[in-house]
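Hi there,

Here is the structure I promised to pass on to you. Please have a look, and then read on for what turned up in it.

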Amino acid sequence: MPQRLQDLSILIVDDNPANTDLLQLMLEDEGFDHLTALNDPRQVEPWLQQHPVDLLVLDIRMPHIDGFAIMELLNAHYGHLNIPVVVVTAEDANRERALHLGATDFITKPFQNWEVSLRINNALQNRLYFRRQQNRAVELELQVKERTREVEDTQLEIVRRLALAGEYRDNETGMHVMRMSHMCHHLAISMDCDEAFSELLLRASPLHDVGKIGISDTILLKPGRLDDEERQIMNTHAKIGYDILTGHHSGLMQMAAQIALCHHEKWDGSGYPQGLQGEEIPLAARIAALCDVVDALLSKRPYKEGWPIEQVVDLLQSEAGYHFDPSLVARFLQQLSQMQKIRAQFADTDD
């Protein structure tokens, strides 16, 4: 970031070399050394595309492209750079049009040292202030992004820890929610879901079973099969999870509530708690249901051995169109090698 006026760059455009030489000498005497002179106005556009310019000192009457055309070019293509223009002219008639095109100031021919010095310095003072404000805006934007990232990281960590609390009560491990959430994320991307949806799914899906917090240990940790009454109570964890998570405006919490409520719905309508069918089931919940079941079947637990991958594939194929969205099953099987890499990346410590 320039700290002095003399650190700013000046481009002088005049078809008369004597004029550009004289202006350069005057400005060099003032301590300016980032000076460029062009005598062919056709070189201005290529120069601007390759070099930073803080001030344009511009003659009006030139062959090929006059000063007005160059100012119109600046307005059309470089207006966001806010480059000040000091017009060099001996004709009062040019001033009104130049002002309409955004001229900052004028230098009258023949040149006077004091006038060149004062007008160039005044124009560069404004440019320097603009550059400082521009840099400050960039710094503030970076600070906001950093704070936002910190908030998002904290939010994600809270989600993971809350999900872990629910999994611990069900003899699950924290790595299960890591695996299923990353599998959800990968499956969403492979289904051409947009980045925002896929990222939300990564963050929201670990909370799918948080409602188990509200289920008593006698049912949740029962070693044998549940009877019908106990199964009905267990099934309420979907609604409990929804009640815990719903009611907040953030996209993360809304998706998490949706997944908690609907991840036990089935494609054929035989699931719970609402008996939703097909695409009535939110896509996020359909993806979470598939990835949750796959990882649960493949994982070893105190009460069961993990299934071999071939048996899980057979189950997915047989349940496509019944339990699971058939398009998701097909895409999941296409991505099976990547899904196995995810499971290996987040393997349980005792595996």
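Let me start with a pair of charged side chains: R343 and D295 meet in a salt bridge, 2.8 Å from N to O (a salt bridge being a side-chain nitrogen of Lys or Arg within 4 Å of a carboxyl oxygen of Asp or Glu). R343 belongs to helix 15 (residues 336-345) and D295 to helix 12 (residues 283-298), so the pair ties together parts that are 48 residues apart in sequence. Both R343 and D295 are buried, and salt bridges with shared partners join R179, D295, R343 and D348 into one network. Here, buried means under 20% relative accessible area, exposed means over 50%, and partly exposed is in between (1.4 Å probe, protein chains only). Helices (H or I, at least four residues) and strands (E, at least two) are DSSP runs, numbered from the N terminus.

Before I go further, a note on the source: this is a predicted model, in which local features need pLDDT of at least 70 and side-chain atom pairs count only at pLDDT 80 or more, while totals for chains, interfaces and linings use all residues. Residues are numbered from 1 along each chain as its sequence is written, and side-chain values use heavy atoms, with hydrogens and water left out.

Back to helix 15, where the buried residues are L336, M339, I342 and R343. Seen down the helix axis, they fall within an arc of 115°, so they line one face of helix 15 (the arc is that of the directions from the helix axis to the C-beta atoms). K341, A344 and Q345 are exposed on the other side of helix 15.

K109 pairs with D59, the closest N and O atoms being 3.2 Å apart. K109 sits in the loop between strand 5 (105-108) and helix 5 (113-168) and D59 in strand 3 (residues 55-59), so this pair ties together parts that are 50 residues apart in sequence. D59 is buried, at 4% relative accessible area, whereas K109 is partly exposed at 27%. D40 and R42 form the other one, with their closest N and O atoms 3.1 Å apart; D40 is partly exposed at 22%, and R42 is partly exposed at 46%.

Now for the backbone. Most residues other than glycine have a negative phi, and most peptide bonds are trans. The bond from K109 to P110 is cis, with omega near -5°, and P110 lies in the loop between strand 5 and helix 5. The bond from Y272 to P273 is also cis, with omega near 10°; P273 is in the loop between helix 11 (251-262) and helix 12. H64, not a glycine, has a positive phi of about 70°. H64 is in the loop between strand 3 and helix 3 (67-77) and is exposed, at 60% relative accessibility. D192 has a positive phi too, near 65°, and this residue lies in the loop between helix 6 (174-190) and helix 7 (195-204). D192 is exposed, with a relative accessible area of 70%.

One last item on distances: the C-alpha atoms of P273 and T104 are 69 Å apart, and the two residues are separated by 169 residues along the chain.

Best wishes
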